[in-house]
Amino acid sequence: MNALPNRLDKEPGMARCRWMAAWVVALGLAVLPGLAAAQRMEGDVARADGLYSAEVPVTSQTASARQAGFARALVQVLAKLSGDKNVAGRPGVGRELRHASDFVDGYDFRQDEGRSASGAPTYRTTLVVRFKPSEVDAVASALGLPIWPQPRPKPVLWLAIDDGRGPRLVSLKQNDAARPVLDRAIERGYRLGLPSGTAAEQAAVGAIWRGDTGAIARLSSRYSPPKQLIGKLYRHEGGWKADWIFVDEGRVLSRWSEEGRDARRLMATGAEGTADALTRRYAKAGTAAPPGEHRVVFTGLHSADDFIRLSAYLQSTSVVRRITPVRATPEALELELDLLTGLSGFRRVVDESVLAAVSDGDAGDGVETASNAPVYRLR
């Protein structure tokens with residue numbers, strides 16, 4: 001690498017350009033920090049691990065498929081962070097999803113092999129995305145999303161399945177049988193544990209079947225924390241039915257039932273209902289300011305193009321709902337912004353490379369403004 005400057009100095013004109021282009025191609029994605037696909041050793045499988053990573057299926061590895069995958073992965077992460085599975089419908093979230101790649105720390109692709117109904121092999125491409133925690137946290141705060149704090153509890157799953165041959169307990173040794181509910185819990189931002197399957201636990205199937213929460217709580221006392229998801233899955237009217245009870249420290253927080261033909265989908269509903277019950281009890285409301293209209297002053301505008309650039313940028317942010325011009329002088333432009341989460345949310349999402357904060361209320365520099373109006377300079 002030390003010889004690189006001398007080599008370039010000796011290369012004439014077009015030859016130097018061609019050599020430089022070849023060098024850049026050789027570097028590949030390594031010149032794009034944060035968006036490069038990680039290099040993996042043979043046998044190392046990419047998987048989402050943690051609150052700020054997610055997996056989504058994609059149709060290909062093209063740039064367009066990747067960008068769409070980033071948005072869907074960000075929805076998953078915001079849902080895990082907030083506990084709200086419908087987080088994509090919250091105000092302001094849709095705009096942030098358009099810029100999902102800005103929050104990406106790295107990504108990988110994984111090829112998953114399966115079997116079709118006829119037994120033929122099938123292949124699915126999965127995009128595994130890792131996001132920057134600090135930036136995702138800032139967006140969640142700016143949008144006023146609720147936060148489900150960490151560490152998250154790991155309830156014990158007491159699941160009995162009757163496929164027509166009598167109910168049987170799903171223990172740690174049969175964890176593959178419970179994979180749909182275990183995986184869905186991870187997607188919702190927490191984990192479920194399974195009992196070890198001792199003789200006493202196997203004999204507790206009857207208590208599970210009749211919904212004896214007290215008996216299961218006593219049996220589960222050797223595990224931590226004192227939270228149990230009790231479920232039974234059984235044949236019902238040509239399909240399947242799942243009955244669920246979630247218990248938190250001896251208190252029944254939720255009961256629900258689901259019916260359908262897909263036993264795996266019904267099994268996953270246990271994780272869904274548990275996540276909903278946990279977030280209702282433990283998620284904290286967002287700390288952002290309430291919505292409202294605020295005066296903000298902008299300087300550094302010297303032409304109509306500057307005004308258009310400022311207006312386009314403000315409309316692209318997730319917290320600005322409406323812009324109303326108030327006053328224009330040769331030194332500044334004063335706008336009234338209808339802000340989703342107040343000035344605090346606006347400050348969190350402002351890109352300093354576009355708008356530099358001059359003052360939080362005292363404009364200075366001879367600029368006359370409304371009382372306490374913050375001032376930003378267009379770069």
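This is a predicted model: local features need pLDDT of at least 70, side-chain atom pairs count only at pLDDT 80 or more; totals for chains, interfaces and linings use all residues.

Residues are numbered from 1 along each chain as its sequence is written, and side-chain values use heavy atoms, with hydrogens and water left out.

The structure holds 25 salt bridges, a salt bridge being a side-chain nitrogen of Lys or Arg within 4 Å of a carboxyl oxygen of Asp or Glu. Among them are the following.

| Pair | Closest N and O atoms |
|---|---|
| Asp 163 and Arg 168 | 3.0 Å |
| Glu 272 and Arg 188 | 2.5 Å |
| Lys 227 and Asp 248 | 2.6 Å |

Lys 227 lies in strand E6 and Asp 248 in strand E7, so this pair ties together parts that are 21 residues apart in sequence; strands (E, at least two residues) and helices (H or I, at least four) are DSSP runs, numbered from the N terminus. Lys 227 is buried at 6% relative accessibility, where buried means under 20% relative accessible area, exposed over 50% and partly exposed in between (1.4 Å probe, protein chains only). Arg 188 is also buried, at 2%, and belongs to a network of salt bridges that links Lys 85, Arg 184, Glu 187, Arg 188, Glu 272 and Asp 276.

Glu 352, by contrast, is exposed at 61% and lies in the loop between helix H12 and strand E12.

Finally, the backbone nitrogen of Asp 49 lies 2.8 Å from a polar atom of the side chain of Ser 53, a polar contact being a pair of N or O atoms within 3.5 Å; within protein, one must be able to donate a hydrogen and the other to accept it, and residues adjacent in sequence count only if both atoms are side-chain atoms.
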